[in-house]
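Open the structure in your viewer and keep the selection tool ready. The stops below go from one selection to the next.

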Amino acid sequence: MVNENELQDPTDERTTTTNTDEPQEETLQTQTVVSGLYENWFLDYASYVILERAVPAVEDGLKPVQRRILHALKEMDDGRFNKVANVIGQTMQYHPHGDASIGDALVNIGQKNLVFDTQGNWGNILTGDGAAAPRYIEVRLSKFGQDVVFNNQTTEWQLSYDGRKREPVTLPVKFPLLLSLGVEGIAVGLSTKVLPHNFNELIEASIQILKDKPVQIFPDFLTGGQVDVSNYNDGARGGKVRVRAKIEEFDKKTLIIREIPFGTTTTSVKDSILKANEDGKIKIKKVDDLTSKNVEIHVHLTPGVSPDITIDALFAFTECEVSISPNACVIIKDKPHFVSVTDILRINTHQTVHLLQRELEIRQQELREKLLYSSLEKIFIENRIYRKIEECETFEAVISTIDKALAKFKKEFYREITEDDILRLTEIKIKRISKYDAFKADELMRKLEQELLETEDNLANLTRYAIAYFKDLQKKYSKGRERLTEIRAFNTISANVVAAANQKLYVDREGGFIGYGLKKDEFVSDCSDIDDVIVFRRDGKCMVVKVQDKVFVGKDILYCSVFKKNDERKIYNLIYHDAKSGISMAKRFAVTGVTRDKEYDLTLGNPKSKLLYFTANDNGEAEVVTVNLTAQSSAKVKQFDFDFASIGVKNRSAQGNILTKYPVRKITQKTAGTSTLGGVDIWYDEHLGRLNRDERGRFLGNFEAKDTVLVVYKSGEYELTSFDLTNRYEPNELAILSKFDPETVLSAVYYEANQKLWYVKRFKVETTSIDKKFSFIGDTKGSKLLTVTADANPRIEIVHQVKDRGPLDKMILEPAGFIDVRGWKALGNKLPFVKVKEVKLLASKAVAPPLSNGNAVPPRAVTLDKEIPVVAEPIEGQLGLF
């Protein structure tokens, strides 16, 4: 029988099975209760990974492996480089997880060029190349790392994992190191991702925090690029940043990628471009990766492909744009906390203040002790107390004698004189006593007192001292740490708009099929494999479907085309016959948004209704049609004209206007129509560098189909472009962007490098080529544009020197009054200056009225203290061509 005690606990691991009907052999089954074990063991494992592996501590911003590497390197530090293999071995005394994790973490820190000085091949964060083997590369602490990270006196210590060594709990870092380096880690049940920030901006933000002012910091990456921080959410969980490569248009056939997004490499970017090309998303000839010290990827375009649309396509379909979701999680008081980067910065800043206070207090105590001992030593020697102990027979008597001799001086000291202090006096050597210099001793004590006063003043004004500390850090270490990533707003790129037309759309009108696989049927247009197609059928039905190899959309197709969502300028004109009433209706409408694969009825919905006439007009044209009624109709006039311009553009579901109540035999187009929508209002968004119709930015004007945009660049070039919304205009490269008017006169001041002279010229844009740049300052290398304006009556302030090493003078130039308008290739009028230091545009001036004799007011150039007439004599060769 089984012992009854074994059955008392229902959770016991052993149970028995017995049969009361028949006696049988006892059977013991073993059960393991895992619920409690799983809960405890899993929590222990998760806590260990979170606290000891993946998540950094907020105090120093370091994971345990990083902290142990720094501590080991500090112990090895002798000012010389150490083999990384030796550093890994030293770190393994503190980190029980093998050399691979230590080596990877060490290289990761070294590539960020902040706390380490490195030597050898440490890999390349741009190309993704790995570092050489640890035995071939060397490292030491940088000057910044030594100044900011370590201080044994303020470090809290603990025993290492095996109890043989001691290691820091956290390092006393006096800088927001976590935000500067950034960190990424995956633990159990949570992860952390803090993006790196700019060194100088962190210091300036810390100073602002100490001044109780609001701060805002944004990421900055060593790979450069551009970042949109509109959804950064202060680096907290739930935020997102978009990072783009910097792409420049070298010419109409070549794009050059100069900087890449954070988290990518030139290899991964190149591979993503090649894959997008293989998938038909973009059209390129080839990609050349010429990266060495700096990123340089050449993307060669297929002839006829727009560089602007290709740039947008690279952002839409390749790693030229990536989205990063920050998730700031740090260890605070042995627990993980999700915080914002501003919270981390405030904690780090206040901790820096606390550490500086600790250092000052320690220094204050050291100075007090030095002063106390120097005073004791002076009293001991100058009052010849050492002579009084000559007759003492025991050491206790010596101590007692010295103590009594010091009694009358004790009240001058800041603390009690202890036996240890007296013992130090007894250790003074006779040689020091014989050579004691009271003057030098007093001088030393004055220096100590002065330093003590400064230390106490710093303690009393701790915020001021901390601000000075941060400013000193910036002064010493900010060189070469300027912001690399440009902060700017990004436009939203529609993949359908920029995708390359990698397929051909065909239609089987009778069978009711469309797709890019129907190669034997009627060709419609080029399309991409992510486009939507809009279809109109003779039965009055309309629908939008995703383009596929072959898809059935209904028989008797009248019209199909690639669908552009929210296109308000594409107007459909149609006439339909309502089967129930027998009335023919005319309507005009736009299709801006629909539900994919849903049928929409354009008639009144009565069975057997049908379309009699249909056109699609890209710019809202309204044609004139001739309507022929049947011979059997009772209408007196059996043929008449109808102008679609006589009806307005309404909603897709509107029933339309009555055309006729009589049966219609046929409808034919009489004359092609003109647009009834007028021009398009265009704005320029200077933040995005894009044109738009959404009233964002500066209004350029109302554009008709023939109108163009005038773009004048700071490089001294101009070009005419279309007003297509996919065009790109980099704001920092532009001098003028406006609607082109052939009568506009441009005034420019520039330096001509060939003759080494300064010129002012006025000219009109005479060229008509679209998307072609023309240099109006010549092609000589070194020529530069100082200013250009489209103002009709500009005023230009010029700071100049008339003679070499002469005084600077200022003159206000009004070129409209004395300089003729010439061709864009003309040199212009020479300025009689040796050197032009600065040019500034002033507010324009109204044109002066003519004099009573009919002559205009003579042109003048105005200096700051007087007016002088400008002699505009013809200059030899001023009409010469470059």
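Begin with the residues around the largest cavity: by class, its lining has four nonpolar, three polar and five charged residues. Here Ala, Val, Leu, Ile, Met, Phe, Trp, Tyr, Cys and Pro count as nonpolar, Asp, Glu, Lys and Arg as charged, and the others, Gly among them, as polar. This is a predicted model, in which local features need pLDDT of at least 70 and side-chain atom pairs count only at pLDDT 80 or more, while totals for chains, interfaces and linings use all residues. Residues are numbered from 1 along each chain as its sequence is written, and side-chain values use heavy atoms, with hydrogens and water left out.

To see the lining, select Gln226, Arg244, Arg488, Ala489, Phe490, Asn491, Leu688, Gly689, Arg690, Arg728, Tyr729 and Glu730. A cavity is a set of points on a 1 Å grid over the protein atoms alone where a 1.4 Å probe fits but cannot get out; lining residues have an atom within 4 Å of a point.

Next, select Asn233, in the loop between strand E10 (226-228) and strand E11 (241-244). Strands are DSSP runs of at least two residues (E) and helices of at least four (H or I), numbered from the N terminus. Phi of Asn233 is positive, near 60°. Asn233 is partly exposed, with a relative accessible area of 45%; buried means under 20%, exposed over 50%, and partly exposed in between (1.4 Å probe, protein chains only).

Now move to the largest nonpolar core, which has 44 residues; Leu70, Val115, Phe116, Phe144, Phe175 and Leu473 touch the most other members. Helix H16 (residues 462-477) gives the most to this core, with seven residues. Such a core is a set of buried Ala, Val, Leu, Ile, Met, Phe, Trp, Tyr and Cys residues joined through side-chain atoms within 4.5 Å.

Which residues does Phe144 touch? Leaving out residues up to four places away in sequence, they are Leu114, Val115, Val149, Phe175, Phe199, Leu473 and Tyr477. Contact means heavy atoms within 4.5 Å.

Finally, colour by pLDDT, the predictor's confidence in each residue, from 0 to 100. The protein's mean is 86, and 91% of its residues reach 70 or more. Over residues 1-27 the pLDDT is below 50, and over residues 849-882 it stays under 50. Where pLDDT is low, the predicted coordinates should not be read in detail.

How values were computed: On a 1 Å grid over the protein atoms alone, a cavity is a set of points where a 1.4 Å probe fits but cannot get out, and a pocket is an open set with protein on both sides within 12 Å along at least five of seven lines; lining residues have an atom within 4 Å of a point.
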